[in-house]
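I opened the model today to see how the chain is put together. These are my notes, in the order I looked things up.

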Amino acid sequence: MTDATTAGTAAVKTGRPSLDLHVIGPIVALLALILIGALMNPNFLSYGNVTNVLARSAFIGIIAVGMTFVITAGGLDLSVGSMAAFIAGLMIIVMNALVPTLGTGWPTILAGMAAALAIGFAAGLFNGLLITQARIEAFIVTLGSMGIFRSLVTWLADGGTLSLNFSVREVYRPVYYDGIFGIAWPIIVFLAIAALGEIVMRHTAFGRHCAAIGSNEQVARYSAVHVDRARLAGYVLLGVLVGVATIMYVPRLGSASSSTGVLWELEAIAAVIIGGTVLKGGFGRVWGTVIGVLILNLIENILNLTDLVSPYLNGAIQGVIIILAVVLQRQKKATR
Amino acid sequence: MGVRNAFKALAVMSMIALPMSAAAQDKATIGVSIPAATHGWAGGMNYHAQAAVNRLEEVYPQLDFVLATASDPGKQVSDIEDMMATRNIDALVVLPFESDPLTGPVKRVAEAGKWVTVVDRGLSEEGIEDLYVAGDNPGFGRVAGEYFRQRMPDGGKIVVLRGIPTTIDNERVEAFQKALEGSGIEILGMEHGNWNRDDAFTVMQDFLSKYPEINAVWASDDDMAVGVLEAINQAGRTDEMWVLGGAGMKEMIKRVMDGDKMIPVNVTYPPAMIASAIEMTALKFVSNAPVSGRFIIGSVLITPENAESYYFPDSPF
């Protein structure tokens with residue numbers, strides 16, 4: 001049912017004259033933040049700062065796009081932060097181990113990237129199979145795998161930090177810091193994935209199935225939707241996207257430790273919800289997620305650029321803005 | 001008999017010039033309870049704890065050690081209770097995860113007549129422990145501040161990255177600010193980087209956007225210094241400023257040794273303090289050397305000249 005209404009909304013979205021807060025809430029919040037930032041600090045809109053904020057948003061953003069599908073299908077994944085740390089750790093180990101055979105150039109890095117995607121795929125499959133085949137609650141499965149991945153990376157790093165071979169790092173570094181036409185690679189990858197995600201969500205059977213399952217699993221089943229297959233695909237997709245995020249993350253500092261990716265899962269979930277996706281499932285909006293990620297990162301950036309409040313209160317300001325952003329769009333949602 | 005044993009032991013271990021007491025023949029079990037290796041410094045601390053236990057077990061066959069690592073305060077309390085109930089420990093060396101939740105359980109160990117050594121983080125109640133071994137947090141800030149003073153006699157502009165908001169961080173920063181008083185060095189901004197590389201990277205990027213002129217950075221921790229250096233590198237402002245971290249991560253010590261211009265010095269806050277505590281506790285059972293009281297390990301400045309003696313390539317930190 002919701003499936004049908006949302007599909008309808010998407011079709012007439014451009015032509016609809018009335019602007020309801022439910023749709024524009026996140027955009028209003030984002031514009032307000034940009035305005036506040038620009039008024040507070042002249043450097044806020046500088047090329048350097050905009051690039052910094054967008055590139056930083058890329059990790060959580062790429063993960064949050066995958067999370068949008070999982071949440072839309074009525075699921076949840078708490079393990080993505082730990083998974084990112086685990087993938088980063090293994091990826092570094094793989095690349096360091098390949099240096100003697102493949103050298104310190106691109107072959108090693110491409111092998112590392114392939115490893116990251118493969119491990120992400122496997123980790124997503126692990127979560128997904130436990131949820132769909134063993135029929136365990138997603139919350140419990142991913143809470144468990146969150147602990148498993150986090151411990152594994154601590155163990156792999158022997159409690160310390162895994163560092164990428166220095167010469168490999170020099171070759172790999174531009175993947176985070178460089179780009180084309182002055183746009184950094186992480187931003188390009190993030191936007192490409194977001195655009196693809198939006199298309200998949202709106203215009204493919206998989207996207208519509210996710211919404212149908214999240215809306216009413218039984219009805220979806222009777223409508224000949226392969227419920228388990230679609231949900232499994234959601235977790236696998238998320239795992240692979242965590243792999244992609246890690247590929248962009250590793251060249252930044254060239255290291256992984258047990259403190260990598262802490263609380264990323266909550267940031268990703270918060271971004272998805274700020275963006276207008278329903279936590280219970282049934283309705284998802286990828287472009288909203290992108291805005292949610294930008295809002296979260298802008299708040300931090302503005303707080304750092306200004307001396308408005310004591311740094312002790314940063315978390316409180318973020319919390320207030322997250323709640324406000326959701327309140328703005330939920331007022332019209334009583335009918336839903 | 002005790003004396004004879006003591007001489008025998010002395011003959012065997014001629015390298016160890018310790019007077020053996022009558023207690024030498026008795027078996028003693030020492031429990032060591034520390035937080036798990038969840039960040040770089042703790043990883044180093046785990047490494048040094050394990051190394052000290054291995055060394056002592058070899059040198060003193062009459063000593064037994066129980067080493068437990070805890071990932072949260074609750075688990076640490078259970079560890080200590082288990083040690084008391086099942087291993088019948090004679091002494092406890094504990095680095096409390098948090099002061100408040102551990103005070104009660106450690107107090108019960110002391111009340112049972114066991115020797116208690118507390119490391120780094122003090123308990124909330126005074127007089128429980130027999131021995132207190134800790135790093136010097138105000139000293140950590142003061143030594144750093146004095147270096148800034150000496151390095152910038154005409155003043156300058158600096159930014160500061162702080163750790164996780166805790167007493168430790170407050171003591172360090174207060175001492176640092178005090179050391180800078182009247183020096184003409186202006187602290188442009190202070191933000192929390194939470195002793196984390198990624199957070200420090202973000203904070204430093206924003207500092208660099210905000211301030212067109214920065215002469216130096218007090219990163220106050222080597223993990224944070226890694227993130228700070230990368231952000232400065234990205235902004236292409238490496239010639240403009242230098243960075244002081246702290247705690248003696250091996251990669252940073254290496255750069256000090258190599259005379260890196262951006263990392264001129266480092267300040268110690270050694271994770272090996274756990275080894276000092278374990279060794280001193282062991283002394284209590286194998287010697288007559290008095291070890292009760294407070295033992296504060298000073299924070300010293302590591303310069304290219306003395307860096308070698310602080311470099312542990314095998315440690316994870």
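I began with contact range in chain A. Among its contacts with a separation of 6 or more, 81% join residues 24 or more positions apart. This is a predicted model, so I kept an eye on confidence throughout.

Next I looked up the confidence of chain A. Its mean pLDDT is 86, and 91% of the residues reach 70 or more. I then noted residues 1-16 of chain A, where the pLDDT is below 50. That stretch has 13 contacts in the model beyond near neighbours in sequence.

Then I turned to overall build. I found 15 helices and four strands in chain A. The radius of gyration of chain A is 20 Å, close to the 20 Å from the globule rule for 336 residues, so the chain is as compact as a globular protein of that length. Along the principal axes, the C-alpha atoms of chain A fill a box of roughly 60 × 55 × 40 Å.

I checked burial too. Of the 336 residues in chain A, 51% count as buried. In soluble globular proteins, nonpolar side chains tend to be buried together.

Which residues touch the most other members of the largest nonpolar core? I found Ile63(A) and Leu241(A), in a core of 98 residues.

Technical notes. Residues numbered from 1 in each chain as written. Chains lettered and ligands numbered in written order. Predicted model: local features only at pLDDT ≥ 70, side-chain atom pairs only at ≥ 80, totals over all residues. Core = buried A, V, L, I, M, F, W, Y, C linked by C-beta atoms within 7 Å. Buried ≥ 20, exposed ≤ 12 C-beta atoms within 10 Å, placed from the backbone. Helix = DSSP H or I, 4+ residues; strand = E, 2+ residues; numbered from the N terminus. Rg over C-alpha atoms; globule rule 2.2 N^0.38 Å. Contact = placed C-beta atoms within 7 Å. pLDDT = per-residue confidence, 0-100.
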